[in-house]
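Here are my notes for when you open the file. They go point by point, and the cut-offs come along as the terms turn up.

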Amino acid sequence: MSALIERQSGNHHSIAIETTDAAHYAASRRRLTAAQRRWLGDCGFAAAPGTFALVADHGGKLARVLVGVDAQDAFGALAALPASLPEATYHLAAEGVLADPNLAMLGWALGAYQFTRYRQPKRAPARLGVTTAELHQLAPLVEATRQVRDLVNTPTEDMGPKQLADAVKQLGKTHKAKVREWVGDELLKANFPTIHAVGRASHRAPRLIELRWGKASHPKLVVIGKGVCFDTGGLDLKSSDGMRWMKKDMGGAAHAIALAGLIMQAKLPVHLTLLIPAVENSVAGNAMRPGEVITTRAGLTVEIDNTDAEGRLVLCDALAYGAEQQPELIVDFATLTGAARVALGPDLPALFANDDAVANDLLAAGHTVNDPLWRLPLWRPYRRMLDSYLADFANAGPSRHAGAITAALYLERFVPERTPWLHLDTYAWNDGDRPGRPRGGEAMGLRALFAFLQQRYRG
């Protein structure tokens with residue numbers, strides 16, 4: 001949170017940032033001295049989006065920053081500045097043109113992120129002074145996004161199933177929640193067979209981690225995150241290119257953990273159950289084989305068509321267990337399919353839902369907080385693509401068509417028909433650096449879900 005600080009009234013050391021565009025640039029110039037206007041002309045500054053100009057006072061001291069913006073793109077307007085402006089404290093001038101200054105402040109804070117576990121930061125970010133109320137609103141969102149990014153960016157050697165469990169335990173300690181876990185063969189005794197089957201070949205034991213928080217009288221909410229800490233593909237081994245970034249296959253768990261933290265910090269009136277099935281999909285003599293049939297927790301039999309379709313296997317036992325709580329709503333996050341990326345690209349998480357009203361409320365919340373989602377259909381005729389000749393169904397099939405949909409249809413079988421369910425197939429990753437979105441792990445759909453839950457449970 002060092003990029004955002006509480007602004008002190010009368011702080012003469014804070015430098016004003018004025019956002020402007022082509023339509024308002026003339027007015028911005030009129031607020032400057034003749035010498036300052038000549039300087040802007042010599043610099044060629046014309047208020048184009050993504051550009052800025054440093055303006056000195058008569059003594060040569062930095063006094064103001066003019067930033068060219070797209071007034072409707074508030075999130076990206078300031079996001080490049082923490083690493084570009086001189087290290088100092090700044091504030092937004094009242095004359096700015098941004099439609100949503102709070103979103104611009106969030107973009108600033110997220111643009112200041114650096115993953116520093118393995119190397120020193122390149123430089124300290126410039127700081128933006130905000131009001132106490134703004135800091136109170138923004139700080140939890142910034143911290144939750146940082147947590148997702150840090151968890152996803154951390155290599156598997158330092159972020160295996162136990163480390164995910166440690167993150168949940170720390171969350172439980174912070175918010176006085178109850179945490180328990182089933183590890184290794186305990187999963188079989190407790191009837192979580194698919195989680196065990198996926199993770200049994202790793203030298204690090206698979207586990208299911210559960211956190212519970214809130215009053216029993218409050219509406220029950222179940223949040224689940226796919227925690228595949230590394231995915232080799234299993235015996236259906238991935239290519240080297242396909243395996244390269246599979247440390248991020250626990251991105252769903254990272255989102256679920258961060259969302260649980262936001263819920264508890266905001267003290268939403270819910271009875272929360274967080275479930276993280278945490279495994280490594282590895283190769284060894286006891287690895288899950290194609291052609292095996294597993295009886296899931298729900299009693300449905302699944303033929304293993306492809307060991308690289310493992311995410312839906314660890315999720316299905318967690319979904320079945322979560323449904324046993326008879327919740328009002330189930331939400332799951334998963335870096336589930338490459339097909340969702342092919343359909344929607346890296347920026348748009350695919351949303352699947354079995355309740356139109358709930359889905360529409362979430363989509364509207366995502367639009368409001370600039371965290372967009374795109375709904376794809378649960379097209380039930382495609383269930384035939386998962387037909388099995390000897391089990392109730394398979395975890396994958398021979399067709400490459402509609403891969404994100406068939407994965408969601410697989411999961412839907414483990415959710416009671418009348419229980420509202422939201423499934424987010426998210427990328428959790430930025431392939432390159434952009435303002436506010438540095439390369440590496442990313443929170444996608446997190447702010448949308450939190451805004452939706454705030455509206456749902458606080459009105």
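1. I294 faces V302, a residue of β13. Three bridges hold β12 and β13 (residues 301–303) together, and the two run antiparallel. Strands here are DSSP E runs of at least two residues and helices are H or I runs of at least four, numbered from the N terminus; two strands pair if DSSP finds at least two bridges between them.

2. β13 belongs to an open sheet of three strands, in the order β12-β13-β17 and with mixed pairing. β12 (293–295) and β17 (393–394) are the edges: each has a single partner strand, so one side of each is left without a neighbour in the sheet.

3. Some housekeeping before the side chains. This is a predicted model, in which local features need pLDDT of at least 70 and side-chain atom pairs count only at pLDDT 80 or more, while totals for chains, interfaces and linings use all residues. Residues are numbered from 1 along each chain as its sequence is written, and side-chain values use heavy atoms, with hydrogens and water left out.

4. On to the rings. Those of Phe, Tyr and Trp (its six-membered ring) pair if their centres lie within 6.5 Å; planes under 30 degrees apart are stacked, over 60 edge-to-face, and the rest tilted. That rule gives 11 aromatic pairs. One of them is W182 with Y321: the centres are 5.7 Å apart and the planes at 80°, so this pair is edge-to-face. W182 sits in strand β7 (residues 178–183) and Y321 in helix α11 (residues 311–323), so the pair ties together parts 139 residues apart in sequence. W182 and Y321 are both buried (under 20% relative accessible area; exposed is over 50%, partly exposed in between, with a 1.4 Å probe and protein chains only). Ring pairs also bring in F192, making a cluster of W182, F192 and Y321.

5. How are the rings of W245 and W429 arranged? Their centres are 5.2 Å apart and their planes at 40°, so I'd call the pair tilted. It links distant parts of the chain, 184 residues apart: W245 is in the loop between α9 (240–243) and α10 (251–265), W429 in strand β19 (residues 429–430). W429 is buried at 5% relative accessible area, whereas W245 counts as partly exposed at 29%.

6. W245 also has a charge over its ring: the charged end of R244 is 3.9 Å from the ring centre. The test wants NZ of Lys or CZ of Arg within 6 Å of the ring centre and within 35 degrees of the ring normal. R413 does likewise over the face of F393, at 4.1 Å from the ring centre.

7. Helix α13 (residues 356–368) passes a length check: its 13 residues should span 18 Å, and the end C-alpha atoms are 18 Å apart, which agrees. The expected span is 1.5 Å times one less than the number of residues. V358, A359, L362, A365 and G366 are buried in α13. They cover an arc of only 125° around the axis, so they lie on the same side of α13; the arc is taken from the directions from the helix axis to the C-beta atoms. Exposed D356, H367 and T368 are on the face turned away from that buried side.

8. What covers the buried residues of α13? The elements include β14 (329–334), β15 (350–353), β16 (374–375), β18 (421–425) and α15 (446–458), with contact meaning heavy atoms within 4.5 Å.

9. β18 has five of its five residues buried, with W421, H423 and D425 on one side and L422 and L424 on the other. β14 and β18 pair in the parallel sense over five bridges, and A334 stands opposite D425. β15 and β18 run antiparallel, joined by four bridges; A353 has L422 as its bridge partner.
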